[in-house]
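The sequence and model come first, then the interfaces.

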Amino acid sequence: MSTVAYCSFIWGSGYITARARTRTHRSLQKTEEQKRRIMSVLRKINPTLQRICICEQENLGRRAMQITRELKQGVKKPYKELVDVSIGDAHRGGMKPITFVRQVIAACIYPELLHDSALPADVKERAWRLMRECDGGSVGSYTEACGIPYVKSSVSDFITRRDGGVPASPENILISSGSQTALMFVLSLLVHGEGSAQTGVAFPVPTYSSFAMALDELGAEMVPYYLCEEEGWALRVEELRRAVRASGLHCTPRVLYVINPSNPTGNVQSRKIIEEVIRFAAEEKLVIMADEVYQDTVHEEGIDFVSYKRVLFELGPPYSESVQLASFHSVSKGFMGECGLRSGYVELVNLDPAVMEQACKWLSAGSCSAVTGQIALNIMVDPPRPGDPSYTMYSQEVKFKKDTLTCNVRRVQEVLEDIPGFTCQAVGGGFYAFPRLHLPQRAVQRAKELGLEADLLYCTRLLEEEGVCLEAGSSLGQKEGTHHIRLCLMTSTKTLEMVLKRLKRFHLRFLKEFA
Amino acid sequence: MHRFQRLSTSFLLSGRFGRQRDPMEGAALEPRRGGQTVRFKAQGPARQCGGSKRYSTAEATVESRGNGEVRERTLTMETLNPNVKAVEYAVRGPIVIKAVELERGLQDGMKQPFAEVIKANIGDAHAMGQQPITFLRQVVALCTCPELLDSPSFPEDAKQRARRILQACGGKSLGSYSASQGVDCIRKDIATYVEQRDQGVSCNWDNVYLTTGASDGIMSILKLLVSGQGPSRTGVMIPIPQYPLYSAAISELEAVQVNYYLDEDHCWALDVNELHRAFHEAKHYCNPKVLCIINPGNPTGQVQSRKCIEDVLHFAFEEKLFVMADEVYQDNIYSSDCQFHSFKKVLYEMGPEYFKNVELASFHSTSKGYTGECGFRGGYMEVINMDPEVKAQLIKLLSVRLCPPVSGQAAMDIIVNPPQPGEPSFLQFHKEKTSVLSTLAEKAKLTESILNTIPGIKCNPVQGAMYAFPRIFIPPQAVGEAKMLGMPPDMMYCLRLLEDTGICIVPGSGFGQREGTFHFRMTILPTTEKLKLLLEKLAAFHIKFLQKYTALGEPSDKSPSGQAKAHHP
C-alpha cells in the first residue's frame, strides 16, 4: 500500500509520492519509443482533472475487488467471505430490494408481464400509467432532459406533502442520474472565475469523498468548515462564518453545501440550526445546496427531519423570497437503496426564470437520466397507499428495513462502547457510524514511516487480515491528529454482526501489537 | 414566433462580467444589469476580466442588512457560469420546444392546420413505434425482478444470462453500485464481442469502460484532453456537419472547435486534404490534438470506406492526434455496397507501428443499432494506447459519477452477447433484428428517393445511421426575410414547416454547413406509412414555400452561388 493523497490542500501532501509510484509502473510497461509517441498527445491532460486528488480509499476498494476475485479462485485467506461496508450501498450489504419497485420496473421493461396473473393489480396499473407517459409507450425512448413530466409532478406533490403544504412546482424540479450528477450540475452553474473571482464552495468536514472530487473536477475553490465532534458533530454557525470569511481573501464564496442527516457523522440538524444557517447564507449571499438524501432515515426518537425548504418558507420574507436553495434527494438512499438504478432529483428554489431557462437548455445538451431509475423515483415519492393490493407488503418491507437499521445503530454503539480505543457520537440519522479511533502512538508512528495516515493503515490491515472493507476518516477529512472510520449500517443484521465480530477481533490485536 | 425570438436572443446574450464583490454593494437594492453586453457564440465564451475591483477585507462583506429589503440573489444571469450560456444544442433547440408546445396545444383542443405533430428531429426509435427486442427486455426484466427466474414463461437462455449478470452484481442486485468502469463480466463480454467484430484483433477488457450512453463517454474523454491557454489551448477537430453534442461539449469545456468540412458533392465523404487544411490553419491559434470522427455519419448518413479510414489514421499518426471514433451506428448500414470497418481493426491492419501508437477511443451505445434502447442509457467505450498514468486519471474522473446505470449495463451486455444459433431464443431474436434493420434500410431508400423528386431539394444516399440530411434551396427573398428576423434561413424554413404541417425537423444550421448552403436533418424512424405522409407534406410545403418567395421577388433564373442549382425551379 502506498500513501495518502487526499486533498493536499487541507490534509497535508502525499500526492507526489502517489504520482511517483504510477510513473515507475508506467515506465516498466512501455518502451521509450512508445512512450515518446503516446505521451505526445496526452502529456498535458486537463490540469483541472489532475487536481482531483486520488483518494487512497479507491486503492482500498480495488484491493477489496481483487481479494473477492482471489477468494473465488480459491486462494486461502483467514476468512471465506469479504464484507464491504465502506460505501452506502444497501443491497451490497444484504438488504433486499422493495418488491413493488422491482415488479413495476420489470412490467414496464417487459410489458408481456401485464398479462401475468401473478402480478398484483396496482403493479400493473402503475406500470400502465408510467408507460403511457413514455413516448411510443416504451421505456426505451428518451424522456425530456429534466425528466418525465408526470414523475416531476409526483415529486412536487411529495415535497408539498412532506413540507406541510409549502408549495412546490414541477418546473423547479430536475430529475438526474443520481443526486451526485444533480450536485455536479448545480455546482457547474455556479463555479467559474479565476483568482479572487473564483467560486468558493463551503462544505463540511468530514464529507464523503466524491464531493471533494467533484469540486476538484469543476475547479472550485474549497472552503472547508469543521463540524464539532464533541457536540455530536453539530454544525456551528461561528465556524461556518470563520471559514467563509477567511476564504473571502482568496476566492468568492458563492455556495454553501450542507448534508442533513449527515454523511458520515449521522448528525441530524435541528430547526434552530437550519434557521441560523439560512440567515447566515442570506447575509453572505450564498446559494444553499442542501443534500437531503438521507431524509427518510432518522432513527433517534423525538427527532424529525425538517427540510431546508420548509424552514426557509416558514422564516417568511425576505428570506423565503430571496435565498436560493437547491435540495437533493435520491433513490439510492432511504429505504429503496437502489443505487444501481441511478436516479435522483434536485428542487431549485428562488432561481431567476432566465437562469432556469439557461439551466434547462444546458441540461438538454446531455441526455435524460435512465428511465428505470425515473420509475423507481416515482414509486419512492408515491408509494402504494392503504387499501392497494401491494400496500401491506410494501409497508412491511419498509418497516423491516427501518427496524433493522435502528437496531444496527443501537448495536454498533453498544459494541463500540465496550471496546477500548473507540468513541462514537450518537448516530441520529443516515446510513453510517463514524466512530473515532484512539490509536497507540506507536501505530501512528509506524503509519508515518509507511507514508500512510494511521486510520488508512488500520483499514488496510483490517481488510487484509479480516476481510472487512471500511472507509478511513482520512479520506473523508478530519481534524489533524484525529482518526476515524466510517461503516455503513444499512446492512442486514447478519452482515453487521459479522463486521463487528471481525472488527473487534482485529482491533484488540492491533492495539496489542502497537501497545 | 415570439417564443422563438425570445429564445434566440437569450441564447446570444451573455453577461460580460462575473459578479464582483464590492464592499459598497450592500447598499445597492437594484439587481445589477449594467455589465451585460451582447456577445455572439463565435466570439467564444465570455471570460472573467477579473481583479479590477477587489474587496479589501472579508469583514466588509458580511454586514447584515436590515430586514424587509429585497435582497439581491446570488445566482443571476450575471453570475451564471458563462460556459453555460455559450452552449447551444439544436436537436432539442427552439424548434423542438415549439413542437412540444404545439403538441400540448393539440391535446388541449387548439385548432391547427394538422392533426398531429410528427417528430423526426431525434434518433429515438421507440418513440416512433419501433418494437423492442424481446430477448433484451426479457433479460433486463429478469435481472430487475429475480423472482421471475422461476417463471416458466421465460426462455432458459434469457434466465441463464440474467443469472450470470446478477452473480456479478454486489448483493446479486441491479440496485448496487457497480465499479465505475462497469460490471466486470459485462466488460469481458464486450471485449469478446469487439474481438469477434474485428475478426480476431485482440481486445483487453481492462480498456473497456461502460458509460451512461455514448455521450457520457465522449464528454469524459474530451474533458481529459482539454488543457492549455491561448495558442496552446486544445483544439478539437470535428466534422461539419456534426452532431451538436460535440460543439456543446467543446464550448462547455472552453476548448477550440476546429472544423473540417465533409464533401457534400461526394456523398459527404471525408477528404484527408481537408483535414490537413483545417489542421494547419488551426495551428496558428490553438493546439489541435483531438480528431473526432462519426462513422456512420450523423447527421450525414455516409459510411466511410476502408481506404478513407486508413488515410485518416495515417494522418492522425503523423500529426499525433488522439482519435475519437463515434461508432454508435455500426450496426446501421443500409447500402449494399457499404460495409462498416471499425477504426480499431483498420489500425491493426496498418501494422504494429500504428496499432501500438495511435491513441484511439471508440464509442458504442444501446440507443441506436437495432435495439434503439435510448431510455436505458447504456453504452461503452474502448480506449487503446492510453498512457497508464492518464488512464488512472480517467478512472478517477469516472468514479466521481459513481457508476453508469446497471440496467443499462445489462442491456449493453445483450447487444454484445446475443442469443447464439441453437439457443431457444435465437430464431425470434434473429427475426426481430433482421426485421428492424431491413425496415430501416427500406425507409432510408424511400426517404432519399422521394426527397430527390422534390424540386429544390437534393439528398445524398442514406448509406447508414438514421438520418437524411438533404440540401434545400431557399430563395434569396426568404433568406432576406430570415435575416430581418435575426435567424438562420433554414431555421425559419423548419419553423414554418412545423407551424404549417406539424413536422418537426432540425435545421442544418444546428449541425454546421458550408456558408450559403442550407439543409435540414430528418430521421428515417417514423413508420413507413407516417414517413410517406411526412415526405408528401414536406414536398407540398416546399413547393408552396418556393412559390411564395419567388413570386415575391422578381421572376428570375439567377441562382445565387452555392445554392442547389440543379433543382432550381
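How much area is buried between domain 1 of chain B and domain 2 of chain B, and what percentage do carbon and sulfur atoms give? The area is about 2700 Å², and carbon and sulfur atoms give 55% of it. Buried area here is the accessible area (1.4 Å probe) that two parts lose on being put together, summed over both.

## Basis

This is a predicted model, in which local features need pLDDT of at least 70 and side-chain atom pairs count only at pLDDT 80 or more, while totals for chains, interfaces and linings use all residues. Residues are numbered from 1 along each chain as its sequence is written, chains are lettered from A and ligands numbered from 1 in the order in which they are written, and side-chain values use heavy atoms, with hydrogens and water left out.

## Chain B overall

Chain B has 18 helices and 16 strands. Helices (H or I, at least four residues) and strands (E, at least two) are DSSP runs, numbered from the N terminus. Contacts are heavy atoms within 4.5 Å. Among those in chain B between residues at least 6 apart in sequence, 73% join residues at least 24 apart.

## Domain interface in chain B

Domain 1 of chain B spans 90-127 + 430-551, and domain 2 spans 135-425. These bounds come from an automatic or database domain assignment. The domain centres, taken over C-alpha atoms, are 28 Å apart. Domain 1 of chain B brings 32 residues to the contact and domain 2 of chain B brings 34. On the domain 1 side, B:Asn460, B:Gln463 and B:Ala465 lose the most area, together 24% of what that side buries.

One salt bridge is counted between the two domains (a side-chain nitrogen of Lys or Arg within 4 Å of a carboxyl oxygen of Asp or Glu). B:Glu264 and B:Arg471 meet in a salt bridge at 3.5 Å, N to O.

## A buried serine

B:Ser180 sits in the loop between helix 5 (156-167) and helix 6 (184-197) of chain B. B:Ser180 counts as buried because its relative accessibility is 13%. Its side chain reaches the backbone oxygen of B:Leu402 at 3.3 Å. Leaving out residues up to four places away in sequence, B:Ser180 touches B:Leu210, B:Leu398, B:Ser399, B:Leu402, B:Cys403 and B:Pro404.

## Domain interface in chain A

Chain A is assigned domain 1 (55-84 + 398-513) and domain 2 (146-369). Their C-alpha centres lie 29 Å apart. In the contact, 27 residues of domain 1 of chain A meet 27 residues of domain 2 of chain A. The two domains bury about 2300 Å² between them, 58% of it on carbon and sulfur atoms. A:Gln425, A:Gly428 and A:Tyr432 supply 23% of the area that domain 1 of chain A buries there, more than any other three residues.

One salt bridge is found across this interface. A:Glu229 forms a salt bridge with A:Arg436, with the closest N and O atoms 3.8 Å apart.

Technical notes: Buried < 20%, exposed > 50% of the residue type's maximum accessible area, 1.4 Å probe, protein only. Polar contact = N/O pair within 3.5 Å; in protein donor to acceptor, adjacent residues only side chain to side chain.
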